[in-house]
Amino acid sequence: MLRHVIAPLRHFSQISNEILRHPRLSSDAVRILTWQLSLPPGAEESLSRTATRAGIGKGAFNRAKTQLKGEGFVHEWRQQGLRGLWSTVQLVSSVPLTAEEALAVRNGRPTAAVRDERPTAACPAAGEPKGRAAGRHPEKTPAENTSIPPSPPPPDSECDREARELIADITTLDPRLTVPRGMVPQLVALASQWLDLGHTADDVRGRVRRGLPGRERAIHRPGGLLRYLLREPEPVPPPVAPPATTPPPRLTAMRECAGPHHMQPMLFTPEGDEELCAMCRGASPLQESAAVAATARGAAAVRAGLSGRSAARS
């Protein structure tokens, strides 16, 4: 016979070989007893409930319960409450107890079986030994909170709040992105990494939008897809340098000529405070008169043309 046994590091219970190898207990009785002994302190699970969870039928449960009571591992008492309601108190022990010893355990008094299990002088324990109150429950619910309060969550940063809002509104990009509730904290942490590097919320949405499949394809695992798209933040592009300051345009230094020699406004670059261009400054009086006359004739022709158009329309 070969055996390969690995001692568990957690989630185990210490059960004596006397129970596992008991010659008068059936497998159902041993299973119910070991199940009850493995429950955490303060658990209020009845034997019938344990049998139901273990897949033991009603007939097999009654036979197993009779065996456990006959061997002294289980004791029961019927009692009547203040309002006249009857209830059953069950005591499960890891060692066989007589009726007197079980009654003493129920009432919180040490029994012979308990005294025999006290540490000996060869291996002293810290402090004085005390009797066990197996199966007893508090008489009344304590007024104060005896549970360990959870540690306060760390203060939220601006990036964390923005990341939560981003993941909460991710379905606006595509109705197929229904994020499972259990993956929200993981996706919020990934989005926070993008925001911490300097990306904006629009950058994250753009990364998700570029990685989505076509509209005709279904997304079976939207949470996994988002985790894949956001697992490695992209580097933030360097800021674009502003364009160099251009010199003022050439027109700002020019001036309109005030002379009469031009049919249209004439711009020139003055060298000082002059108001006439070089052509007007160098024109003779005769040329100036001819220019004025030409300007007058042109204006008269324009007025005549406009008058003729008006007469034709009417």
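Biologist: At roughly what angle do the axes of α8 and helix α10 (residues 222–230) cross?

Modeller: In this predicted model, where local features need pLDDT of at least 70 and side-chain atom pairs count only at pLDDT 80 or more, while totals for chains, interfaces and linings use all residues, the axes of α8 and α10 cross at roughly 25 degrees and come within 10 Å. Axes are lines fitted to C-alpha atoms, for helices over the stretch in contact, with angles from 0 to 180 degrees between N-to-C directions; helices are DSSP runs (H or I, at least four residues) numbered from the N terminus. Residues are numbered from 1 along each chain as its sequence is written, and side-chain values use heavy atoms, without hydrogens and water.

Biologist: Which residues of α8 meet α10?

Modeller: Q186, L187, L190 and W194 in α8 meet G223, L226, R227, L229 and L230 in α10, contact being heavy atoms within 4.5 Å. By class, this contact has six nonpolar, two polar and one charged residues.

Biologist: Why are α7 and α8 called oblique to each other?

Modeller: The axes of α7 (residues 158–168) and α8 (residues 184–196) cross at roughly 125 degrees and come within 8 Å. The two helices are therefore oblique to each other, and their crossing is right-handed. Residues in contact include C159, A163 and L166 in α7, and L187, A191 and L195 in α8.

Biologist: How do you know that α2 and α4 are roughly perpendicular to each other?

Modeller: The axes of α2 (residues 27–37) and α4 (residues 58–71) cross at roughly 75 degrees, coming within 8 Å, and the pair is therefore roughly perpendicular. D28, A29, I32 and L33 in α2 meet A60, F61, A64, Q67 and L68 in α4.

Biologist: What makes R106 lie over the face of W77?

Modeller: R106 is at 5.0 Å from the ring centre of W77. A charge sits over a ring if NZ of Lys or CZ of Arg is within 6 Å of the ring centre and within 35 degrees of the ring normal, so R106 lies over the face of W77.

Key
Angles under 35 degrees count as roughly parallel, over 145 as roughly antiparallel, 65 to 115 as roughly perpendicular and the rest as oblique. A crossing is left-handed if the near helix is turned anticlockwise from the far one by less than a right angle, and right-handed if clockwise. Ala, Val, Leu, Ile, Met, Phe, Trp, Tyr, Cys and Pro count as nonpolar, Asp, Glu, Lys and Arg as charged, and the others, Gly among them, as polar.
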